[in-house]
Amino acid sequence: MRPQFPATARYLSLAARGQNAWWRYVLGAVTVIFFFELLGFVPWWLAMQFTAFGTLEQFVALNAGELIGLGGLAIVMTWIHRRNLRSLVTPYARIDWRRMATGAAVWAGFAVVCCVVEAWLFPGRYRFSFDPNLFFVSAALALLLTPLQTATEELLFRGYVMQSLGLLCRRPWLLIAISAAMFMLPHAGNPEVDAAPWLVLPQYFIIGALLAAVTLKDGRLELAIGIHAANNLFTGIVANIEPSVISTNALFTSEFDPAYALVALAAASAATWRVLFRPQRDRLSAGEIAQFENDGYVVVRRLADATTCGIMLAQAKLDLAARVPPVEYEADTGYPGAPASLDAPGGRTVRRLLQAYARSAVLAEWQISPRLAARLRQLLGARIEMSQVHHNCVMTKNPGYSSETHWHQDIRYWSFQQPALVSVWTALGREHAGNGCLRVLPGTHRMAFSADQYDGDLFLRPEHPANRALIEIQQTVELDAGDVLFFHSRLLHAAGDNRSTDTKYSLVSTYHAAGNRPLTGSRSASLPDIPL
């Protein structure tokens, strides 16, 4: 089966935020070449004319040229394409620095392993070259300049170039191959290539392919930036090779073995991919699937780990405190107990932080995570999509001004070809009867109801004789942080108000089979669905 990259379209579509007439790309290419190749050579020329042009001078000149190129890229993005540099990195409002650190840490770990294995296989290849008179200055310059240099290359090759190609082609593997080849060619003049071109050039292709694949798989650039920075910093500070384009005073120096370097790089790239995107083998058990089919819901305990929950909760609290739009206020719901208007006491209490997927990378990452996708495929089929219209929110209940939600089916206001959708409710904290947790009526997703059992807003009428008996079978779904409730769109459910002293937070998303399309012209079709 051809590997799927659900986040690819999300990343490549960032190009659509700017101006994309063909002449803009011609002008952009000319500008980039002028800044990188011509103006970028000026620091090198000046260093040759007015300094001893030793190791440090070469390193500073090389990185200064890259920074000049970054300035040119910024001009291309802001003045020619009319969008900001951040759109080369992420579709979200904030850059995920934690993701950069993750990529850097994983790659650095495998770099250490490769060096240790090489030193064991080839005794004497590494020599301790620490020079206190040069090392600390060299390391400081590397820590300052190398992340900027590698980020510049990522913004250019995996950002600008790959997003531009994405306007013509959306095939992930073709984009990866083209991006890797374009990354390899400018490095063909590096001194280490002369040792064995047919062994060294493939190394640049492999690392370029890894960085491109990671970017498309992750739907953003931070991982690739972290990997690239860790690679160059490790070479510049820990273990350099001779010859190398990165001339620094590292702790160790080794003679360059092109064959071993090729094998090690390929192995490290495969291992890095495996760690960053390791497949999730956990699935719903036969008993859990049977419960969902019979009762219309199932709870998977501690599916989201504590770290993931903590990060999502912190993001939700920040957005809630700042009332980052779009939001729904309690007064907007019209539910029993809600303030009568926005200007009434508690009227501007936030009920839902809407558009969670576009709001934050940490929320989106969980919404399309393999852990959820694997289970949803068991319930809905091999190809599934997430709705951006329905739920897709952080649902909150604040003490003092929270409203009740009466018995209802979510499908009452959704418009799809088939009423078979699954909502995923991830508890970001403790949920219990006292703070308004969900209550469900098991099996009601398989039942048919007469029109008189509902009121005008399609809530179940509690006074109806058939409904009274039904409500007696209700189950309270208490959850701890990280517990996940999967429930059918036809399942009747309700929730009370929050009588505790703390706000309750839940991330709620809705999914459907890819073949179960929203009806054309309906609200359900107003935003594109997200494939998993």
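Visitor: Which residues make the nonpolar surface patch of about 550 Å²?

Guide: In this predicted model, the patch is made by W22, W23, V26, L27 and V30. One of these residues, V26, is found in helix α2, which spans residues 22-38.

Visitor: How many aromatic pairs does the structure hold?

Guide: The structure holds twelve aromatic pairs. One of them joins F34 and F35, with 5.7 Å from centre to centre and 85° between the planes, an edge-to-face arrangement.

Visitor: Which term, buried or partly exposed, applies to F34, and which to F35?

Guide: F34 is partly exposed because its relative accessible area is 38%. F35, with a relative accessible area of 17%, is buried, because buried means under 20%.

Visitor: Why is the pair of F130 and F136 edge-to-face?

Guide: Planes over 60 degrees apart count as edge-to-face. The planes of F130 and F136 stand at 90°, with the ring centres 6.0 Å apart, and the pair is therefore edge-to-face. F130 has a relative accessible area of 29% and is partly exposed, whereas F136, at 53% relative accessibility, counts as exposed.

Visitor: Which residues form one aromatic cluster with F130 and F136?

Guide: F128, F135 and F252 form one aromatic cluster with F130 and F136.

Visitor: In which sense do strands β5 and β6 pair, parallel or antiparallel?

Guide: Strand β5, residues 327-329, pairs with strand β6, residues 350-353, in the antiparallel sense over three bridges. Across these strands, V327 stands opposite L353 in β6.

Visitor: How many bridges join β6 to strand β8?

Guide: Two bridges join β6 to β8, residues 393-397, and these strands run antiparallel. R352 has M395 as its bridge partner in β8.

Visitor: Where do side chains point in a regular strand?

Guide: In a regular strand, side chains alternate between the two faces of the sheet.

Definitions and conventions:
Residues numbered from 1 in each chain as written. Predicted model: local features only at pLDDT ≥ 70, side-chain atom pairs only at ≥ 80, totals over all residues. Heavy atoms only, no water. Patch = residues over 30% accessible without salt bridge, like charges linked within 9 Å, V, L, I, M, F, W, Y side chains within 5 Å. Areas by Shrake-Rupley, 256 points an atom, 1.4 Å probe, with all protein chains shown as cover. Salt bridge = Lys/Arg side-chain N within 4 Å of Asp/Glu carboxyl O. Helix = DSSP H or I, 4+ residues; strand = E, 2+ residues; numbered from the N terminus. Phe/Tyr/Trp six-rings, centres within 6.5 Å; stacked < 30°, edge-to-face > 60°. Buried < 20%, exposed > 50% of the residue type's maximum accessible area, 1.4 Å probe, protein only. Pairing = 2+ DSSP bridges.
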